[in-house]
Amino acid sequence: MKLKSKKKLVSYLNILDQPVRFNPFVFSRTFLLWAFLGLIGGTIAGAYWITLEFLTHQFAFFTGWQVIPVMAICGLLAGLVIHFIGDPGEIHLIVNNIRFNKGKLDPKNNPSMVLSSLLCVASGGSLGPEAPLVQITGSTGTWIGKIFRLKGEELRSLSIAGMASGFTALFGAPLGGSLFSLEILHHKHAVEYYKAIIPAFVASCFSYLIFALIVHLGLGPIWDLSAYEYSGIFDFGYAVLFAIIGACFGWGFIFCTKFFKSVFEKRPIPIYIKTLIGGLLLGTIAFYLPITRYFGHHEINELIAGDFPLTVLMAILVFKLVAISITVTSGWRGGFIIPLFFVGATLGLIIYQLFPTVNLTLAIVSCMAAINACVTRTPMSTTILLATLTGFGHFIPILFASLTGYFLAPRIPFIGAQMENKEDA
């Protein structure tokens, strides 16, 4: 019976390998494969998001001093998951595998990534679900590609399309998510992966569709910024000026992360001890500044709507940067894109309180764009993502800010796998 099933599978695969005859359109069977991957990616993302929201609501019942032991215990449990099931890696490993491992993402690490990231993100860690989703959906693309016996650039393209479906589901921006999955691989050589752009677009669109059906996602911005009114050519100068300030804090985040990395790696200790210590530190920060808890998806609206004094905003800015750095370096799992947007929003509010005559929305969006582009080196996709997430309909000021953050980024990238190939060096 097993032999017959294998023969049938081989015959079906042979049929799919054959070229489409008498087809006058660009449409082909590969389109169905990309769409199928997008549907699977959207389903995975929807299930992950629903589980994350449920766990987050459960952990939200613990407030005040209870936050400290809860986050410490969750950190310990996440560390034990990584210790016994396996280390799923971080965004550095994903980028490295796409660039140097023929585009293969190993799905065997997914159980560890799912369990550890759910504990870390839901309990209040300052990292978001974007990295776990990208790992899971990207490795799903690799797995499907192997089933259909894809190799080389075709397999890499399917893995990238899977990554794009994960980005898109979280950000609700098919175009921005697709470009981000290409641009984050290498800021200078994104064109190397141009063959993946159409697969990424198709997978992203279908992923967005199924994710929206599962979580009842609507169209429109996620973060409630006041409407921006263009006041003249000087707005571009303001955008660059705000971006320079944002880039400075991008450098600050990178140095802060390097400092905590050196602290946690000073002595070899088990991963579950590192995550336990990280949980204690994060819980203490969240006890004094509750808005720094979680990765910022909902907290950005709370920050914008709240009437925080200048001193409190400065404390939020500093300790959120510290919290993200601790989360990154102590073994907690997640992504830092949305948390960096939170930092940018806080910085924009501080600038507005210091200089009330500036446009608040322009200051916030420019700082958000610059700090993210400085750290991730993704100016094009950052521009599109922010325009979608904030409803800021004027692309050019965001693009000026993103490019400023990008060109003021440190020469050695924060994501080490973005370094040049050996052949390029």
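In the predicted model described here, Phe253 is in contact with Leu321, Ile324, Ser325, Leu340, Val375 and Phe414, when residues up to four places away in sequence are not counted; contact means heavy atoms within 4.5 Å. Because the model is predicted, local features need pLDDT of at least 70 and side-chain atom pairs count only at pLDDT 80 or more, whereas totals for chains, interfaces and linings use all residues. Residues are numbered from 1 along each chain as its sequence is written, and side-chain values use heavy atoms, with hydrogens and water left out.

Phe253 is also listed among the residues with the most contacts inside the largest nonpolar core, together with Phe171, Ile300, Leu303, Phe336, Phe341 and Met368. This core has 100 residues. A nonpolar core is here a set of buried Ala, Val, Leu, Ile, Met, Phe, Trp, Tyr and Cys residues joined through side-chain atoms within 4.5 Å. Buried means under 20% relative accessible area, exposed means over 50%, and partly exposed lies in between (1.4 Å probe, protein chains only). Helix α14 (residues 337-354) supplies the largest share of the core, eleven residues. Another core, of eleven residues, lies apart from it and includes Leu33, Trp34, Ala35 and Val202.

The protein contains 17 helices and zero strands; helices (H or I, at least four residues) and strands (E, at least two) are DSSP runs, numbered from the N terminus. Of the 425 residues in the protein, 54% are buried. Among contacts between residues at least 6 apart in sequence, 81% join residues at least 24 apart. The accessible surface comes to about 19,400 Å², and 69% of this belongs to carbon and sulfur atoms. Accessible areas come from the Shrake-Rupley method with a 1.4 Å probe, and for residues only the protein chains shown count as cover.

One part of that surface is a nonpolar patch of about 730 Å², made by Tyr230, Ile233, Phe234, Tyr238, Leu241, Ile244 and Leu408. Patches are made of residues with over 30% relative accessible area and no salt bridge; like charges are joined within 9 Å, and nonpolar side chains (Val, Leu, Ile, Met, Phe, Trp, Tyr) within 5 Å. A salt bridge is a side-chain nitrogen of Lys or Arg within 4 Å of a carboxyl oxygen of Asp or Glu.

Ala78 is in helix α3 (residues 67-85) and has a relative accessible area of 0%, so Ala78 is buried. Outside the four places on either side in sequence, Ala78 touches Ser116, Leu119 and Cys120. The C-alpha atoms of Ala78 and Trp332 are 7.4 Å apart in space, although the two residues are 254 apart in sequence. Ser402, in helix α17 (residues 395-407), likewise counts as buried, at 0% relative accessibility. With residues up to four places away in sequence not counted, Ser402 touches Ala369, Ala373, Pro379, Thr382 and Thr383.

The structure holds zero disulfides, a disulfide being a pair of cysteine sulfur atoms within 2.5 Å. Cys74 is in no disulfide, and the nearest cysteine sulfur, that of Cys120, is 8.2 Å away. Cys74 is buried, with a relative accessible area of 3%. For Cys374, the closest cysteine sulfur is in Cys248 at 8.6 Å, which is too far for a bond. Cys374 is also buried, at a relative accessible area of 1%.

Several loop residues were also examined. Most residues other than glycine have a negative phi. Tyr294 has a positive phi, near 75 degrees, and lies in the loop between α11 (271-288) and α12 (299-305). At 13% relative accessibility, Tyr294 counts as buried. Arg377 also has a positive phi, near 60 degrees, and is located in the loop between α15 (360-376) and α16 (379-390). Arg377 counts as buried at 6% relative accessibility. Val358 is in the loop between α14 and α15 and is buried, with a relative accessible area of 14%. Apart from neighbours within four places in sequence, Val358 is in contact with Phe242, Ile351 and Tyr352. Val358 and Asp235 are 123 residues apart in sequence, and their C-alpha atoms are 9.4 Å apart in space.
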